[in-house]
Amino acid sequence: MEETRYPFIPYKREFVDANQLVQRSKELYQFMDTRRSVREFADTPVPREVIENIVKTASTAPSGAHMQPWTFCVVSNKELKSKIREAAEKEEFESYHKRMSEEWLEDLAPLGTDWNKPFLDIAPWIIIVFKKSYGLLPDGTKKKYYYVNESVGLASGFLISAIHNAGLVTLTHTPSPMNFLSELLNRPENEKPFLLLPIGYPATDAMVPDLERKSLDEVCVFYE
Ligand code: IYR
């Protein structure tokens, strides 16, 4: 290999034989297929260390030029959660009553959502994922970031998987517009809210809609 100015290190991982590949890939699929977006939470506490591990996992996601253009704002403070709920419900009320089209409301009907967001008070933790449209160097100059939406989307997927793996539940909540989160959390101008995720145990009587996932044939085309 041509010599570079930057150090490379050997990539070391155990070798996984074909049988194990099948077994391991199947096990993860079956496990991930048990994940559901849950809207009813218990207020049971979850240790901060769990949330730290989940966020560290999210931050292992690949990103454009390895810029890791994300900030995870983690909220457990009760007053702040209430303020977030109040502001989110205000926007959601407007959305559900005025901004969303008939078609949109019909498409959402099977999910049973509405403008009420009690989980924002009840869940012990809320993570608000912010995307950094650009970096800010210590002297205030802007640093270009790349594929920011793709990168933050990937990190959010890792985050959701880590939450499921830990044994907790979440849902992707996108109050719209969500600028109020920048103000409430006092975020700098280069950060924009991307996604909000309440995290906790499900309520003991939590229900989820009876949905089916598309089959492999419906989502995948092979060119062999
Ligand atoms: N943001 C609203 C509405 C909503 C939109 C979609 I698309 C969903 O899949 C679910 C909800 C809300 O969070 O209720």
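Q: Is D33 buried, exposed or partly exposed?
A: In this predicted model, D33 is partly exposed, with a relative accessible area of 33%.

Q: Which side chain does D33 meet in a salt bridge?
A: The partner is R213, at 2.9 Å from N to O. The pair links distant parts of the chain, 180 residues apart: D33 lies in the loop between α1 and α2, and R213 in the loop between β5 and α8 (216–219).

Q: And how accessible is R213?
A: R213 counts as partly exposed, at 45% relative accessibility.

Q: How many salt bridges are there by this rule?
A: The count comes to nine. Among them, E14 and R24 meet at 3.4 Å, N to O; E14 sits in the segment before α1 (18–32) and R24 in helix α1.

Q: What about a network of salt bridges, which residues does it link?
A: R85, E89 and D121 are linked in that way.

Q: Changing topic: how many residues has the largest nonpolar core?
A: That core has 23 residues, and those with the most contacts inside it include I51, F72 and I199. Helix α6 (148–166) is one of the elements that each supply at least two residues, and α6 gives the most, with seven.

Q: What does I51 touch?
A: Not counting residues up to four places away in sequence, I51 touches V46, V74, W125, I127 and I199.

Q: Which way do β1 and β2 run, parallel or antiparallel?
A: The two strands run antiparallel and are joined by six bridges. V75 stands opposite I126 in β2. Strand β1 is mostly covered, with five of its six residues buried.

Notes: Residues are numbered from 1 along each chain as its sequence is written. This is a predicted model: local features need pLDDT of at least 70, side-chain atom pairs count only at pLDDT 80 or more; totals for chains, interfaces and linings use all residues. Side-chain values use heavy atoms; hydrogens and water are left out. A nonpolar core is a set of buried Ala, Val, Leu, Ile, Met, Phe, Trp, Tyr and Cys residues joined through side-chain atoms within 4.5 Å. Buried means under 20% relative accessible area, exposed over 50%, partly exposed in between (1.4 Å probe, protein chains only). Helices (H or I, at least four residues) and strands (E, at least two) are DSSP runs, numbered from the N terminus. Contact means heavy atoms within 4.5 Å. Two strands pair if DSSP finds at least two bridges between them. A salt bridge is a side-chain nitrogen of Lys or Arg within 4 Å of a carboxyl oxygen of Asp or Glu.
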